[in-house]
There are 2 protein chains.
Amino acid sequence: MGERESATVEAESRGGSGKPTRRRRLSVVQRRDEIVSATLRLLSITPASQLSIDDIAEAAGASRALVYHYFRTKERLYVAAVRSACDDLRARLVLPDVHPFEKMQYATRVYLDFAEQRRDDFAALLRGPGRPGGQPDELSSIVEETRTFIVDLVITSLGITRPTEVVRASLRGWLAMAEVVSLEWLERQALTRDQVRRLIANQLGAVLAVAAMEDEELSAVFARHVATADIDRLPPWVRSLVRPAG
Amino acid sequence: MGERESATVEAESRGGSGKPTRRRRLSVVQRRDEIVSATLRLLSITPASQLSIDDIAEAAGASRALVYHYFRTKERLYVAAVRSACDDLRARLVLPDVHPFEKMQYATRVYLDFAEQRRDDFAALLRGPGRPGGQPDELSSIVEETRTFIVDLVITSLGITRPTEVVRASLRGWLAMAEVVSLEWLERQALTRDQVRRLIANQLGAVLAVAAMEDEELSAVFARHVATADIDRLPPWVRSLVRPAG
């Protein structure tokens, strides 16, 4: 859709609106982002079925016509909102070509940057459609796919070619832990960002080490990465986690 | 309420019911348990606000009058259902007076027994009112209190007297991991019970070891327990997790 088109809709809706609304000069992209953000925020406190376009328009300070213009249906707006936040996280998670352990450190920083910079969206995703164990629907599927993307990213970054159920369950468990600790950090600020970063990254190492006790390939892969890691950067306890050969 | 009283209500409701229902001879306790179970089941798939006593009565194969007789209001029924499952878990988690690491092994087995024996209730608690990040209300508070109970149980069992935020966040994260792995086990059966038990118990050890890197007291406590543990029972890698003194 073009910028001119949406500007027209906005002008029309401004004329037709009976009640005073906060109108600011925003670009099409900003306006769309605000609607998407307001949708995520509302989805975190209200089930999708109980929301109306009017609620969303009001929360975004936009006209109902504009919301319809951009998204056509409520369902498409929901999907766009959840997908846009998840796509942003995935786009950030392009990892540099460094040692696997450094990749994991990098990914942890990127994850926390996303949580910090998009604090409301991050909390909304995890408390709303993406709440673990929520009803499976299109919205929770998008968040769940993002979790699978992160688990797969760890698996491929480490060079695991045949991930077992133990590896997958362990990584899924670690991600649940990372989510809880990150939300706790954002909401209570009782831990510093650095503490949260170290906890998440070190817990990944520890969880992998525990899983390696049940998994031959992971054990070998982990031992190889420990052997090639930059010693100064590696927490000393990681080395001792590797199961002795044989 | 007495058995006679409720039997009267049931007899009346049987006479007054227009549609055929499955009536079986059940004790008062069994009947009440069935209503509570049906409520948990429904709460896992429908928001509390959208459920009716009729839905619950139908799902439990009980009369509407009987449900009202036992619980008076919908809200009290919800609270009774969630509380009864959580109280059962807490009652099971009375730990024997053994070495702290064995206490944790025992607690893990008890947790999985609960998950296995009350499979539907366990899933319902975590997917319904107790979903992490769900809206705070009386129901989610009960599940959240149970999580705090478990975290406190680990803290006191280990003899930690001044639990820091790092310790609390780590244990809360570990519990999120245990929940995800247990749900996954119950629903997909891709892991064996023994694998899940080892993962949860070993991940607790690993998570504590990581937290100990940030926490003086935990580090000392952990080292003391490792020194006094029965060597045969202790996974060999645990010993190496302890930060060297000084």
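Let's start with chain A: of its 246 residues, 53% count as buried. Keep in mind that this is a predicted model. Chain A has 12 helices and 0 strands, so its elements, read from the N terminus on, go α-α-α-α-α-α-α-α-α-α-α-α. If you take the contacts in chain A between residues at least 6 apart in sequence, 67% of them join residues at least 24 apart.

**Helix 7 and what covers it**

- Helix 7 of chain A spans residues 119-127, and its buried residues are A:Asp121, A:Phe122, A:Ala123, A:Ala124, A:Leu125 and A:Leu126.

**Helix 2 against helix 7**

- In chain A, the axes of helix 2 and helix 7 come within 8 Å and cross at roughly 45°.
- That angle makes helix 2 of chain A oblique to helix 7 of chain A.
- On the helix 2 side you'll find A:Ser37, A:Leu40 and A:Arg41, which meet A:Asp121, A:Ala124 and A:Leu125 of helix 7.
- Sorted by type, the residues of this contact between helix 2 and helix 7 of chain A come out as 3 nonpolar, 1 polar and 2 charged.

- A:Thr39 sits in helix 2 of chain A.
- Is A:Thr39 buried or exposed? A:Thr39 counts as buried, because its relative accessible area is 0%, and the cut-off for buried is under 20%.
- Setting aside neighbours within four places in sequence, A:Thr39 is in contact with A:Ile56, A:Leu77, A:Tyr78 and A:Ala81.

**Helix 9 against helix 10**

- Helix 9 of chain A packs with helix 10 of chain A (residues 193-212) at an angle of about 165°, and their axes are 10 Å apart.
- Helix 9 and helix 10 of chain A are therefore roughly antiparallel to each other.
- The crossing of helix 9 and helix 10 of chain A is right-handed.
- The residues of the contact between helix 9 and helix 10 of chain A split into 14 nonpolar, 3 polar and 1 charged.

**The nonpolar cores**

- In soluble globular proteins, nonpolar side chains tend to be buried together.
- Here, the largest nonpolar core has 100 residues.
- Which residues have the most contacts inside that core? They are A:Phe122, A:Leu171 and A:Trp174 from chain A, plus B:Phe122, B:Leu171 and B:Trp174 from chain B.
- A second, separate core has 30 residues, including A:Ala60, A:Tyr70, A:Ala85 and A:Ile142.
- If you leave out neighbours within four places in sequence, A:Leu171 is in contact with A:Val151, A:Val154, A:Ile155, A:Leu204 and A:Leu208.

**A loop residue in chain B**

- Over in chain B, B:Val94 is in the loop between helix 5 (74-92) and helix 6 (100-117).
- B:Val94 counts as exposed, because its relative accessibility is 58% and the cut-off for exposed is over 50%.
- B:Val94 and B:Tyr106 are 12 residues apart along the chain, and their C-alpha atoms are separated by 9.6 Å.

Methods: Residues numbered from 1 in each chain as written. Chains lettered and ligands numbered in written order. Predicted model: local features only at pLDDT ≥ 70, side-chain atom pairs only at ≥ 80, totals over all residues. Heavy atoms only, no water. Buried < 20%, exposed > 50% of the residue type's maximum accessible area, 1.4 Å probe, protein only. Helix = DSSP H or I, 4+ residues; strand = E, 2+ residues; numbered from the N terminus. Core = buried A, V, L, I, M, F, W, Y, C linked by side-chain atoms within 4.5 Å. Contact = heavy atoms within 4.5 Å. Axes fitted to C-alpha atoms, helices over the stretch in contact; angles between N-to-C directions. Parallel < 35°, antiparallel > 145°, perpendicular 65-115°, else oblique. Nonpolar A, V, L, I, M, F, W, Y, C, P; charged D, E, K, R; others polar. Left-handed = near helix turned anticlockwise from the far one by under 90°.
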